[in-house]
Amino acid sequence: MDLSERKLRILQAIISDFVTSAEPVGSRTLSKKYDLGVSPATIRNEMADLEEQGFLTHPHTSAGRIPSEKAYRLYVNEMMKTRELSQKEKDVISKKLYDNVTELDKTIEHAAHILSEITNLTSFALTPEVSRDTLKFIELLPVDEDTVVLMIVSDSGKVSNTTLKLRVPYDEESLRLLSKNLTYNYKGKSLSEALTLDIIEDFETDIEAMSALARNVMPSFMKTLGDMLNVNLYMDGLTNIFSLPEYNDLDKAKSFMEMVNRREDLTRTLINRDKGVMITIGTENAEEIMDDCSLITATYHVDGKLIGKLGVIGPTRMRYGEVTSVIEYLTDNISNTFRMMEGDDDDDEG
């Protein structure tokens, strides 16, 4: 649904004001604070239209409106501008990160602390335990007409057997071909590398049964890979939520703490997120317990290899552009920091 330029300006002003104040926004406030070039009455009419179109909601008896998930998604997709950090901010982040480089895990843990400190949100970092274990082969073994065993074997001898209930019919030849293709695509890949590959398109063949089987198996395959990978989840700023108006409600605060304390579920959610910068808002999140939250993650690399994820979780009322800028700068600098360390080591050897 295309919005007029005027509606977009008004919606952007509402989002900006609400993110700053956490108070429902009225037409009179917009007219006074923002140069929108129209009367309060016109703003009121436009706000009514935006509410009817699902971009605003009307909380309780307040005369003001607040942005909906739909509004935040439009903002992130079309209006958000990542804020360029000042040179001073960049220098502070780089110094804090570089001054604490000892080993990968400690550096990533410190990056999460820096992120929480700057954004005043709950931050997290996900990093695999140091391991060079790679995949050796994948096998799908028939059990009965709707059950197979997924066997994943790594070069170190680690074996995972997972029983899968299939929603589509299969024959042994299809299982053999899919096993062969999976082994071809994943053999020699580390567990963390394998989690970033998406080869489902390779199975979009003329053989409809083969494509359906692959789509049915792949989610369980990726979940099993994640379970095989030993990861560390670092969190920081858990108490930051208590300074946010959204969590003045004790039940909401307890729900948030319950969510972040379910570390296995949260770790699995983070592992399964796409690479690059990813922003999910409210009910876009896979877990129902995250329906009132936004999650921003970015992947970081060391030696050119994708290693883990860094990000924040907080209310949907979030400074998306600013937070994304900080996360991107931190993830970029993690790899730069380790390159600098390697350079220092080379100099020492010289």
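In the predicted model, Tyr186 and Phe221 are both buried. The two residues belong to separate helices, Tyr186 to helix α7 (residues 172-186) and Phe221 to helix α9 (residues 208-228), and their pairing links distant parts of the chain, 35 residues apart. The geometry of this aromatic pair is edge-to-face, with the ring centres 4.9 Å from each other and an angle of 65° between the planes.

In total, 3 aromatic pairs are counted in the structure. Another of them is formed by Tyr72 and Tyr320, whose arrangement is tilted, at 5.7 Å centre to centre and with 50° between the planes. Because Tyr72 is located in helix α4 (residues 69-79) and Tyr320 in helix α12 (residues 320-349), this pair ties together parts of the chain that are 248 residues apart in sequence. Both Tyr72 and Tyr320 are buried. An aromatic ring is also involved in a contact of another kind, in that Lys70 lies over the face of Phe55, at a distance of 4.5 Å from the ring centre.

With regard to the overall architecture, the protein contains 12 helices and 10 strands, and 48% of its 350 residues are buried.

Notes
Residues are numbered from 1 along each chain as its sequence is written. This is a predicted model: local features need pLDDT of at least 70, side-chain atom pairs count only at pLDDT 80 or more; totals for chains, interfaces and linings use all residues. Side-chain values use heavy atoms; hydrogens and water are left out. Rings of Phe, Tyr and Trp (its six-membered ring) pair if their centres lie within 6.5 Å; planes under 30 degrees apart count as stacked, over 60 as edge-to-face and the rest as tilted. Helices (H or I, at least four residues) and strands (E, at least two) are DSSP runs, numbered from the N terminus. Buried means under 20% relative accessible area, exposed over 50%, partly exposed in between (1.4 Å probe, protein chains only). A charge sits over a ring if NZ of Lys or CZ of Arg is within 6 Å of the ring centre and within 35 degrees of the ring normal.
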